[in-house]
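Student: I would like to go through this structure and ask what the terms stand on. Could we take them one at a time?

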Amino acid sequence: MAEVRDFSLYANKKNNIEDQISEPSYQEKIRNHRMLVFFRTVAIVAIAIVAVAIIYVNWRDKYYSTATVTQNAQITDATNSTMLNLNGQILMYSKDGVSLLNAQGTSLWNLTYQMQNPISRSCQDVVAIGDYNGHYIYVADSNGELGVIDTNLPIRDFCVASQGVVAAILDDTDVTLIYLYDSQGNELANFKTTMADSGYPIDVAISPSGELVCVSYLYPEDGELKTSIAFYNFGSVGQNAIDNYASGYIYPSVVVPFVHFLNNKTAFAVSDDRIMFYNGSEVPVSGVEHLTGTDEIRSIYYSQDYIGLVFFNGTEEGEYRLEVYNDSGSKVSEEYFDIEYSNIFFSNGQIIVYSDSDMIIYSNEGAIKYEGSFDQTVKSVIPTSIRSRFLLVTENAIYTMDLK
């Protein structure tokens, strides 16, 4: 049995302790509650961030080991046709016409024409099909024909903007002309070039908005060839400039056969020994420049965010070397491969390299995610909204390939 021998001493001790422990104020309770809520929120957010990071890394670095291929539809008249991706659908064109097919092989629209040397240019979901050395350019988008342009002069090159504006290099007897047309063939602007004045235009590019045009001119001076990269602004900023000239840069002893706009603010140009970036939506200025060495550049691929340069490599690392740059001008990865590729494209954070019989998929960071072969000869691989699913187009059918 418990016994309290001196209750007064116990009571005094208890009272002293109670005096030392005072009841918290209302403000202190609120402050303590807020701190508790804050730390709980931080902990929940931190756990969520870690979970998302783990899911993202697993998603980004997932390696596909198997491929399941199922046939969607039979197609005809594809033997002599070129197949392209147009916003996830299949653009098929030849000397006789162009059509757009969905994944089930249904024709969404078609146009007929007669061309000797059809070439295509696209921007987002707009495509232009023109006849090299002819004088017709057909412009269309995912919904069908937008218009036909009759240049009345031989076409040497052209490009198209996202709303259907076309910039075309046309050959006249003594001069070379650069014309801008809307998709219905109405002339928007033009300027003449001669070898004596500005040089010969060897490539032209137009921004997705249609306001900026970039031209690469080649001209001789003091016994050597030089390249002039000129930018023209056809928006409000360029209205007060002579010939809409916005900015330009000279490259002595360098030939620049390729210029292109990644987006409305970034353009790039490629010569035989370097890649140059230009920044600005109104007056482009020269930015990052990378020398690419003496290896031959075999081909150039690009999306709205990335550029891929393919070089002959010829070493044990691989027959070809792919250097990838982002739209800031930074080199982000370098891959080596041996397949005799027919196309390379960027989609859903992946780099797809394929031939008519083989396929390699890299992450944007350069990790191999899939290597495999096709059972049939493939003319084109089309990405879908699902990063592990692709459409395979052969001469006779459309297939869906799912990677797992």
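Tutor: The model is a predicted one. Start with strand S27 (residues 350–354) and S28, which run antiparallel and are joined by five bridges.

Student: Why are S27 and S28 called a pair?

Tutor: Pairing requires at least two bridges. S27 and S28 have five bridges, so they pair. A hairpin of three residues joins S27 to S28.

Student: Which strand pairs with S28 through another five bridges?

Tutor: Strand S29 (residues 368–373), and S28 and S29 run antiparallel. Tyr362 stands opposite Ile368 in S29. The hairpin of S28 and S29 has four residues between the strands, and Gly366 in this hairpin takes a positive phi near 105 degrees.

Student: What makes strand S28 largely enclosed by the rest of the structure?

Tutor: Five of the six residues of S28 (residues 358–363) are buried, so the strand is largely enclosed. A residue counts as buried under 20% relative accessible area.

Student: What is the order of the strands in the open sheet?

Tutor: The order is S18-S19-S20-S21, with antiparallel pairing. Strand S18 (258–261) and strand S21 (285–291) are the edge strands, since each pairs on one side only. Neighbouring strands of this sheet are turned by 20 degrees against each other on average, direction ignored. Within the sheet, strand S19 (residues 266–270) and strand S20 (residues 274–279) pair over five bridges, and Val270 stands opposite Ile275 in S20.

Student: How many aromatic pairs are there?

Tutor: The count comes to 20 aromatic pairs.

Student: Why is the pair of Phe231 and Phe261 called edge-to-face?

Tutor: Ring centres must lie within 6.5 Å to pair, and planes over 60 degrees apart count as edge-to-face. The centres of Phe231 and Phe261 are 6.2 Å apart and their planes are at 75 degrees, so the pair is edge-to-face. Phe231 lies in strand S16 (residues 224–233) and Phe261 in strand S18, so the pair ties together parts that are 30 residues apart in sequence.

Student: How do you know whether Phe231 is buried or exposed?

Tutor: The relative accessible area of Phe231 is 0%, which is under 20%, so Phe231 is buried. Phe261 has 4%, so Phe261 is buried as well.

Student: What makes the pair of Tyr306 and Phe346 stacked?

Tutor: Planes under 30 degrees apart count as stacked. For Tyr306 and Phe346 the angle between the planes is 25 degrees, with 5.8 Å centre to centre, so the pair is stacked. Tyr306 lies in strand S23 (residues 306–315) and Phe346 in strand S26 (residues 343–347), so the pair ties together parts that are 40 residues apart in sequence.

Student: Why does the charged end of Arg321 count as sitting over the ring of Phe311?

Tutor: The distance limit is 6 Å from the ring centre, and the charge must also be within 35 degrees of the ring normal. The charged end of Arg321 is 4.3 Å from the centre of the Phe311 ring and sits over that ring.

Student: How do you know that Thr292 is buried?

Tutor: Its relative accessible area is 7%, under the 20% cut-off, so Thr292 is buried. Thr292 is found in the loop between S21 and strand S22 (297–302).

Student: What makes Arg274 and Thr292 a polar contact?

Tutor: The backbone nitrogen of Arg274 lies 3.3 Å from a polar atom of the Thr292 side chain, and the limit is 3.5 Å.

Technical notes. Residues are numbered from 1 along each chain as its sequence is written. This is a predicted model: local features need pLDDT of at least 70, side-chain atom pairs count only at pLDDT 80 or more; totals for chains, interfaces and linings use all residues. Side-chain values use heavy atoms; hydrogens and water are left out. Helices (H or I, at least four residues) and strands (E, at least two) are DSSP runs, numbered from the N terminus. Axes are lines fitted to C-alpha atoms, for helices over the stretch in contact, and angles run from 0 to 180 degrees between N-to-C directions. Rings of Phe, Tyr and Trp (its six-membered ring) pair if their centres lie within 6.5 Å; planes under 30 degrees apart count as stacked, over 60 as edge-to-face and the rest as tilted. Buried means under 20% relative accessible area, exposed over 50%, partly exposed in between (1.4 Å probe, protein chains only). A polar contact is a pair of N or O atoms within 3.5 Å; within protein, one must be able to donate a hydrogen and the other to accept it, and residues adjacent in sequence count only if both atoms are side-chain atoms.
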